[in-house]
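Visitor: I am new to this one. Please show it to me, and then let me ask my questions.

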Amino acid sequence: MKIAWSKELAVGVAEIDEQHQQWIKRLNDVAAALAAHVGPAKLGQTLEFLADYTQTHFATEEKLMAAAQYPGLKTQLAQHQELTGTLKEILRDFSEEGATQKLAETVNNYLGNWLLTHIREQDLAFGRFLKNKPA
Ligand SMILES: [Fe+2]
Ligand SMILES: [Fe+2]
């Protein structure tokens, strides 16, 4: 599944919106590498780019949310940790078993759905919080 960023996913914070677009690109790069049956070194590299970028993105959001004293930060932290754990498992499974069907399914279904749901249900709420926050 190729996923795309669109305006309905806009949080309204430029840094976050740019990172979401970059995150989606990196996920699509992994899916494309899987579909093209590239070698393990190349595929591993796309997976690591995705995992690294995920950490960068979560750290950025958590910093902005803490600075704004966002009450939803705890839920965000929990969900970010959950995905971080999943990505670690994916990397570990990949290093042990290579490009399995399970890996392809996780990349093609789970990760994209997770991201879209998280943006719609969690990150957009942060955007609304900022908009309504008195200056
Ligand atoms: Fe996000
Ligand atoms: Fe988030």
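Visitor: Which residues does T60 touch, not counting residues up to four places away in sequence?

Guide: This is a predicted model, where local features need pLDDT of at least 70, side-chain atom pairs count only at pLDDT 80 or more, and totals for chains, interfaces and linings use all residues. Residues are numbered from 1 along each chain as its sequence is written, chains are lettered from A and ligands numbered from 1 in the order in which they are written, and side-chain values use heavy atoms, with hydrogens and water left out. T60 sits in helix 2; contact means heavy atoms within 4.5 Å. Leaving out residues up to four places away in sequence, T60 touches E15 and Q19.

Visitor: Is Q19 buried or exposed?

Guide: Q19 belongs to helix 1. Helices are DSSP runs (H or I, at least four residues), numbered from the N terminus. Buried means under 20% relative accessible area, exposed over 50%, partly exposed in between (1.4 Å probe, protein chains only). Q19 has 8% relative accessibility, so Q19 counts as buried.

Visitor: How many Å apart in space are Q19 and T56, C-alpha to C-alpha?

Guide: Beyond its neighbours within four places in sequence, Q19 is in contact with Y53, T56, H57 and T60. Q19 and T56 are 37 residues apart in sequence. In space, C-alpha to C-alpha, the value is 8.8 Å.

Visitor: Which residues coordinate the iron ion (ligand 2)?

Guide: Donors are N, O and S atoms within 2.8 Å of the metal (3.2 Å for Na, K and Ca); water is not among the atoms, so sites may look incomplete. Along the chain, the donors here follow the spacing E-x14-Q-x3-H-x37-H-x4-D. At 2.0 to 2.4 Å, the coordinating residues are E61 (OE), Q76 (OE1), H80 (NE2), H118 (NE2) and D123 (OD).

Visitor: Which residue coordinates both the iron ion (ligand 2) and the iron ion (ligand 1)?

Guide: The two iron ions are 3.4 Å apart. The residue that coordinates both is E61. E61 lies in helix 2 (residues 40–67) and Q76 in helix 3 (residues 73–97), so this pair ties together parts 15 residues apart in sequence. Both are buried, and the residue asked for is E61.

Visitor: With which side chain does the side chain of Q76 make a polar contact?

Guide: Q76 has a relative accessible area of 0%. A polar contact is a pair of N or O atoms within 3.5 Å; within protein, one must be able to donate a hydrogen and the other to accept it, and residues adjacent in sequence count only if both atoms are side-chain atoms. At 3.1 Å, the partner of Q76 is H118.

Visitor: What is the angle between the planes of Y70 and F129?

Guide: Rings of Phe, Tyr and Trp (its six-membered ring) pair if their centres lie within 6.5 Å; planes under 30 degrees apart count as stacked, over 60 as edge-to-face and the rest as tilted. The whole structure holds 3 aromatic pairs. Y70 and F129 form a tilted one, 5.0 Å centre to centre, and the angle between the planes is 55°.

Technical notes. Helices (H or I, at least four residues) and strands (E, at least two) are DSSP runs, numbered from the N terminus.
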